[in-house]
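Reader: Please give me a close look at one part, the contact between the chains. Then show me what surrounds it.

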Amino acid sequence: MEKDQNKILSDVTSGEYKYGFYSDIETEQIPKGLSEEVIKVISKKKDEPDWLLEFRLKSYRHWLTLKMPAWAHLEIPPINYQDIIYYAAPRKKETLKSVDDIDPELKKTFDKLGISLEEQKHLAGVAVDAVMDSVSVKTTFRETLAELGIIFCSFSEAVKEYPELVKRYLGTVVPYTDNFFASLNSAVFSDGSFCYIPKGVRCPMELSTYFRINSANTGQFERTLLVADEESYVSYLEGCTAPMRDENQLHAAIVEIVVEKNAEVKYSTVQNWYPGSREGKGGIFNFVTKRGMCKGENSKISWTQVETGSAITWKYPSCVLRGDNSIGEFYSVAVTNNYQQADTGTKMIHVGKNTKSTIVSKGISAGRGQNSYRGLVKVLKNAAYARNFSQCDSLLLGDRCGAHTFPYLEVENQTAIVEHEATTSKIGEDQIFYCNQRGISTEDAIALIVNGYAREVLNKLPMEFAVEAQKLLQISLEGSIG
Amino acid sequence: MLVINNLKASIEGKNILKGVNLEIKPGEIHAIMGPNGSGKSTLASVLAGRDLVKVTEGSVTYFGKNLLEMSAEDRAKEGIFLGFQYPIEIPGVSMVNFMKAAVNEQRKHKGLEPLSASDFLKMMREKKELVEIDSKLANRSVNEGFSGGEKKKNEIFQMAMLEPKLAILDETDSGLDIDALRVVANGVNKIKRPDNSFIVITHYQRLLDYIVPDVVHVLYDGRIVKTAGKELALELEEKGYDWIKKEVENNILA
């Protein structure tokens, strides 16, 4: 049985990464390297106002004073930041007026990824912003959303069309001084999505951003800013893939969310960057800062993430619960297989009274994968009656992988109640035998058990994507089923 | 349908089965009784194909095929069902999904199309009624949070769903109150047909009040030491196993 299990688990590795192709698209790039000059070039290419260039330069100068963080339970090879291209964009002549103006090769790429840029062909009820390398290539359903006053566009467009909004919120949740990768992103970020839901509006469709790295040697530094005004609601989903390459590629993004009084944001991620080969060659370094601010009373942020890709993941989607009675949630499934490493978790900062947070983290390790949960629950002095529940489960497949848990609790208010539960389990031979005895093969049994294990989190995803994520889990663990 | 010939098996180097002979014909119910540690569950594990148990000698023929060469899942697909003594919990996997996977694997094996969702749910409903099991069971995870009695009833329910040719019930009666025992036994009696057979492993005679066996065997120290009709169970109930133990020892001395 043990042997079977190991064989099946090693078959994973022969499971092809489905999105590893490269599109031959004419690309405009700047030379490798990072300097104030490079930042000025990026800013100029995007025709940015002076205040934004200043923001970038300030960030860059601060970044120069920082060292890469070393506290994560990760082995990160040295990164030469001068050996990265900081801007690459599919070449286009002028602003796109309709889908027909999009480079057919580009359209084909996204079709291949299952993301249609044509509204009528797309999943009903999902608006998409498609980002390739450093720029957004198309945002669908903009007009439909605009009728409700919802702004959903690329970050670059937002800077041009809604500079006041961007200026008001940019860097308010993740300051440019926040951490090494956040400072780097603030200096060189290229594109991303901007979303504003006005007062009292319930966004009628899922909003989604699809990120694609295409060019070699480039880093992707996107920035997402999402503002939910009072009494509004939005569900947002991001997905991402990249070609297979022998070199590592850097992805250092920032997501900032601001939620006003009585508003709610549900943010889901299905992360499937190229994880590297079975021998651990190549793959994306995914160093991301995501944070939401529950600014107003009764506001709510819910993060759901399914992390199956990337060679290294360093990511802690967090909530600052400032408004009284505000709620933060974090639901996560992280898979590490082969030589993948993940150090992921969340921070829940309770500032306001009666604030509540829930953390459910499910780690799955296979092959030689290393999976760490790292989470901070902080209850500040004035956060009376704050309440937290954390549950961290780890599932081990095989005997060469690792699971680690690093929970931090800092409670400064006597009335707070904080709970932490953790379990570590292996897929039991008896579970597999039980399935076998009902006629289910070992391979299918593992898929069934893993999906059952992750169910609580998968259930939090929007319906359309839950099935997708479930398939993804199977592919990243079992390959041969695909 | 099943012929066991001089079967010897060990677990982690320890000899448990020391030459078991048994033949089961279609439509028969065989009870296997015996004291703790005599090898009853090991025999069930060998028949179901559990890797943990190593067969060192002997043969098992099932419908003319060498059973020992078949994988556990193929045995299941060929109609062997094991009702577990300790049913396993699979958190997060609903009974519906679990049974759908099992039933459709079996259908695939027979060259049949998978059941449609509505046909499948209809089948679940019918079988649930048959074994008098709580209708909310379908939405719960496999055995998770089930009481001891619910787990055993759930085994009988799965048996009803899979309609095995040979069902092996490993101490399905242990830990059941009298009502649950009756439900389990009724389930078995309703599923019984002239062409399917049962091996009922039990410590106690009381189950056999409800499931009437054709043959009763006593397994002791890895061998079947006595085989008789259903009256043997009553005799064991009355006299206990010491009587058998003595008889075996006398035989060895003689």
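Author: A salt bridge is a side-chain nitrogen of Lys or Arg within 4 Å of a carboxyl oxygen of Asp or Glu. Between chain A and chain B the count is 1 salt bridge. B:Glu155 and A:Arg438 meet in a salt bridge through their side chains, at 2.7 Å from N to O.

Some ground rules. This is a predicted model, in which local features need pLDDT of at least 70 and side-chain atom pairs count only at pLDDT 80 or more, while totals for chains, interfaces and linings use all residues; side-chain values use heavy atoms, without hydrogens or water. Residues are numbered from 1 along each chain as its sequence is written, and chains are lettered from A and ligands numbered from 1 in the order in which they are written.

Start with the interface itself. Chain A brings 20 residues to the contact, and chain B brings 29 residues. Contact here means heavy atoms within 4.5 Å. The area buried between the two chains is about 2,100 Å². That is the accessible area (1.4 Å probe) that two parts lose on being put together, summed over both. Carbon and sulfur atoms give 63% of the area buried between chain A and chain B. On the chain A side, three residues stand out: A:Phe433, A:Tyr434 and A:Arg438 supply 37% of what chain A buries against chain B, more than any other three residues. A:Arg438 is also the chain A partner in the salt bridge with B:Glu155. The model scores ipTM 0.95 and pTM 0.82.

Now the nonpolar side. A nonpolar core is a set of buried Ala, Val, Leu, Ile, Met, Phe, Trp, Tyr and Cys residues joined through side-chain atoms within 4.5 Å. Buried means under 20% relative accessible area, exposed over 50%, partly exposed in between (1.4 Å probe, protein chains only). The largest nonpolar core has 97 residues, and B:Leu2, B:Phe98 and B:Met99 have the most contacts inside it. Its largest share, 9 residues, comes from helix α10 (residues 442–458) of chain A. Helices (H or I, at least four residues) and strands (E, at least two) are DSSP runs, numbered from the N terminus. In soluble globular proteins, nonpolar side chains tend to be buried together.

Look at B:Met99. Beyond its neighbours within four places in sequence, B:Met99 is in contact with B:Phe120, B:Met124, B:Phe157, B:Gln158, B:Met161 and B:Leu162. A second, separate core has 32 residues, including A:Val201, A:Cys294, A:Phe330 and A:Met348.

B:Leu47 sits in helix α1 (residues 40–48) of chain B. Its relative accessibility is 1%, so B:Leu47 counts as buried. With neighbours within four places left aside, its contacts include B:Leu2, B:Ile4, B:Val60 and B:Ile199. B:Arg140 lies 93 residues from B:Leu47 in sequence and 29 Å away in space, C-alpha to C-alpha.

Next, chain A away from the interface. Chain A has 11 helices and 23 strands. Of its 482 residues, 63% count as buried. In chain A, 83% of the contacts with a separation of 6 or more are between residues 24 or more positions apart.

A:Glu238 pairs with A:Lys290, the closest N and O atoms being 2.2 Å apart. A:Glu238 is in strand β9 (residues 233–241) and A:Lys290 in strand β13 (residues 283–294), 52 residues apart. Both A:Glu238 and A:Lys290 are buried. A:Glu329 pairs with A:Lys300, the closest N and O atoms being 3.7 Å apart. A:Glu329 lies in strand β17 (residues 327–336) and A:Lys300 in strand β14 (residues 300–307), so the pair ties together parts 29 residues apart in sequence. A:Glu329 is buried at 13% relative accessibility, whereas A:Lys300 is partly exposed at 22%.

Chain B has its own charged pairs. B:Arg193 and B:Asp195 meet at 3.1 Å, N to O. B:Arg193 is partly exposed at 33%, and B:Asp195 is partly exposed at 43%. B:Asp74, B:Lys77, B:Glu105 and B:Lys108 form one network of salt bridges that share partners. Over all chains, a search of the whole structure finds 34 salt bridges.

Last, confidence. pLDDT is the predictor's confidence in each residue, from 0 to 100. Chain B averages 91, with 99% of its residues scoring at least 70.
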